[in-house]
Every structure is written in structure tokens, then in C-alpha cells.
Amino acid sequence: MDFAASLRLIEPELILSVGGLVLLLVAGWAGDKSSRASTITACVLLAVCFALTAPSVCGGAMGTGTKAFGGLFAADAFAGFAKLMIYAAAGAVLTIAPAFFERFRLMRAEFPVLVLFAVLGMNVMVSATDLMTLYIGLELNSLSSYVLASFLRTDNRSSEAGLKYFVLGALASGILLFGVSLVYGFTGTTSFAGVHAALQGHMAMGALFGITFVLAGLAFKISAVPFHMWTPDVYEGAPTPVTMFFASAPKVAAVALVARVSLGAFGPQADAWRQIVIFASLASIIVGAVGAIGQTNIKRLLAYSSINNVGFILVGLAAATPQGVASMLLYLGVYVAMTIGSFVVVLMMRDTEGRPLEAISDLSGLSRTRFGLAFCLMCLMFSLAGIPPLMGFWAKLVVFQAAVNAGLFVVAVLAVVGSVIGAFYYIKIVKVMFFDEPADTIKGQSDWAHWALLIISTLAISPVTYLITGWLSALADKAAAALFLVA
């Protein structure tokens, strides 16, 4: 494929790169007074990228025609499906972030620039078909994320979150690079297709250690147990719009990257890495469920919820089948909607002076003071718990079906048991809102953007969405098929 054809395949990445650099220059020249215009421009750029990516998903793009720069980058349907979720999540964050930061008088023109560069890194991650491309995308996303986590410079919790994320992220990068070096040393290539071919048949012990270290480094990015320790502290300390961003877009990119590495590069040795994935999956489900029970801070509870949901997503990956990958993508789509809606509610929890409230006790009796807000949060909590007929139930169902069809019946049963445990703290939130005496502390008014996002998220996880599940399943099947076509 010639250079011009490669450039056409990376049009969204070029738009994000050029747009981010231009907005960075605008921020340097115009200062923070350009923050609102820069945010609107960033949202427009994301919408353009969404429109450019959608045809590859609907058309099921796959094969050599999707490979750019000699097989370093793949603009296939699998990558496109993940990118659409990333664009949607990033756009939602940019929509509500200015109102949050302006209350602290800390909205900076660099914020949308950092989000764009983080999205660019995520795009490279999900399209990477070489270990070098993988690492470049991962670090581009991480470097932006470290700054975003500590964006509230006057808040010690934010600074602490950024420092913890940076130190532990550097450790995870070191582990990942060590694994990459082992894989390269024992296979002689960094290309996913080359590694896939080299791992056919007998696998050297060194290559197994390389696979283990690579998956360990990536497990940090998806906050899977036992590399989850940073998640509650960073989610609590980071500004709430940034926490909402971390819990949605980077999670999609990291999970998609894990799937592409596991099946695209390490596919012939599925029996070797499946054991690692199953352990991380079940451990994440249990730790996420049990760890959230005693939480009093809503952001920390949602952090453990994120760990818990990653466990269910990994059940689909453990199946190592096209059905498993399709179920994983569908679960990710529902998860993004539930996460965005939940964090929008957290952003709407403010007192009369506009100060943010994060204690679960502040939700007491919310149904009697702010019924609309309580109703939406109730739907989101029930969906996260997997209670029918909400979409969270359907997402879990398709994942469990994929696991059973792949012969992982015991794993599916244990995951169902973990889901029952996790339902406790979701239902506890509903009990606090509808049956406890009103705390009457949430009095702040929210703008139209918050309500619009909350209503969209609630509708997305409502039974109404069952009308398009056939269409969504077809798109996910096409995306999964692209991942299993190794060229």
C-alpha cells in the first residue's frame, strides 16, 4: 500500500493531531479566554472523526486494505467500533467539563487539547498491529492522562492523584516494555502477525514469560486485579470530569488493545494466556464487588464498580471466540453509557453554593427532593447491577452466553455469583435515595448539558434500546470478525 493510501486510512488521527496542535498554539497566544472556543472546536473535531470512522464499522472493514504503513496500523471495523465509543465519551466529557472548572475559576485552554491528544493516543492503541505502535499510543494517552488527573492545581487530592497515577503508570510501562523485549527476543519480530506466526506450535518458556509481562502491563491500564490499586485513589482525587473520562474512553481503548494483543498476536497460544485472563476476570469481579460495599464516597464506589465491570468484560475475552469478542464490545458500549450517566449525576450533586458533594449519605431521600435525578440514578444503578429489563442485564447475558458456548461454564457460573454480590451496593444506593430520610443537601441547579447527557444515558440503558440490539449485534459481529482475520 502506498503512502497516500496510508494517509487516507489515518484521516481521523491526522485531524486530531493537526487540530490539537492548532488549539495548542491558540492557547499559547490567546490564553485561557479561548478555553470555551477551544472546547467547542474540539467537540466539532471529534464529531468529524466520528463521521469519518462510522463507515468502516458499518461496512465491516477488514483485511489488507485496512493496513497502513506496512502493517503498523489497522483501520479495520474492530478499531472503528472502539473509536466510536471513545469519541462519544470524550465529547461528553468536553460538554460538561467547562461548567465544572469554571466554578473553581480553573478552566484552562489546555484542557481540550489534552483530551484530544489523549484520544489520539487511544486511537493508535486500538489500531496498533505492532508492539512499537502499541507503546507509542499507550504513552501518548498516558502522558496526557497524568496531567489531566492533576488538573486542579489548588486541590491537594488532585495533585496526589496525578502523582500516584504517574508513578504506578511508569511502573506498568516498565513491566510492559520488559514483556515486549522478551516477546521480540523469542519471536524475532514486533509485528502482531509475525508474533502470531512465530507462536504456532511449540512455545518457548521465555515467550510465555513475555506474554505474561505484556498482559500484566496492560492489566494496569484496564485496572484489572491485581493491578487495580491506583483506581479508587485516582478516581476520588481527580476532578470529576476527568474521572468520568478515565472510567470511559481510556477503559474502552485499553480493553480493545488487550483483545487485539491477545487474539491478534498471542492467538495461537490461547490456552496459555486464557488462564491469566480468567484469573484477572474473576478476581476483578470479586474484589470490585466486595471492595465497594464499605465505601462512603460515591466516586470511590464507582471506581470499584469499574473494576467489577472490567471483570465481566474479560469473561468475553477469555472465550477467545468471535462471539466472545462481539459480546465484549457490546458490553463496553453499555458500560460507557452507564458510566457517563452515573458520573453526570455525581457532577449534579452540589449544595446551594455550588460546592461538589461526594458522600453517599448526601443522596439520602433524594427521591423526595429531586425525583427526576433520583429516578435516573436508580435506572443506572439497576442497570449496573444487571437487573432486567435494563441493558446492563443484556450486556451480562451476552457475555455469559459467549463463555458457556466456549466451554467456560464454571467461569460463567462464578461470574454470575459475583454479579449477585455486586448488586448489593448498587441496590443500597437506591435504598438510600428512596427509603432514607432526606438529607436535603443537593440543591444546586444544573444546566441543560448535564440534563441532556443524563437523559440520553438513561434512555441508552432503558428497554427502548432493545429495539436496536439486532443492529448493534451485527456491527459487533463484523468488528469481531475483523480482529480474527490475521494477515
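## Starting with Phe375

Is Phe375 buried, exposed or partly exposed? Phe375 is partly exposed, with a relative accessible area of 37%; buried means under 20%, exposed over 50% and partly exposed in between, using a 1.4 Å probe and protein chains only.

A quick note on the ground rules: this is a predicted model, so local features need pLDDT of at least 70, side-chain atom pairs count only at pLDDT 80 or more, and totals for chains, interfaces and linings use all residues. Residues are numbered from 1 along each chain as its sequence is written, and side-chain values use heavy atoms, leaving out hydrogens and water.

## Rings in pairs

Searching the whole structure turns up 16 aromatic pairs. Rings of Phe, Tyr and Trp (its six-membered ring) pair if their centres lie within 6.5 Å; planes under 30 degrees apart are stacked, over 60 edge-to-face, and the rest tilted.

Take Tyr165 and Phe220: their ring centres are 6.3 Å apart and their planes sit at 25°, so this pair is stacked. It links distant parts of the chain, with Tyr165 in helix α7 (residues 156–187) and Phe220 in helix α9 (residues 205–221), 55 residues apart. Helices are DSSP runs (H or I, at least four residues), numbered from the N terminus. Tyr165 is buried at 6% relative accessible area, and Phe220 is buried too, at 5%.

Phe371 and Phe375 are also stacked, at 6.1 Å centre to centre and 25° between the planes. Both lie in helix α16 (residues 371–385), 4 residues apart, or about one turn of the helix.

## A cluster

One aromatic cluster is formed by Tyr146, Tyr165, Phe166, Phe220, Trp230, Tyr235 and Phe246.

Note on methods. Helix = DSSP H or I, 4+ residues; strand = E, 2+ residues; numbered from the N terminus.
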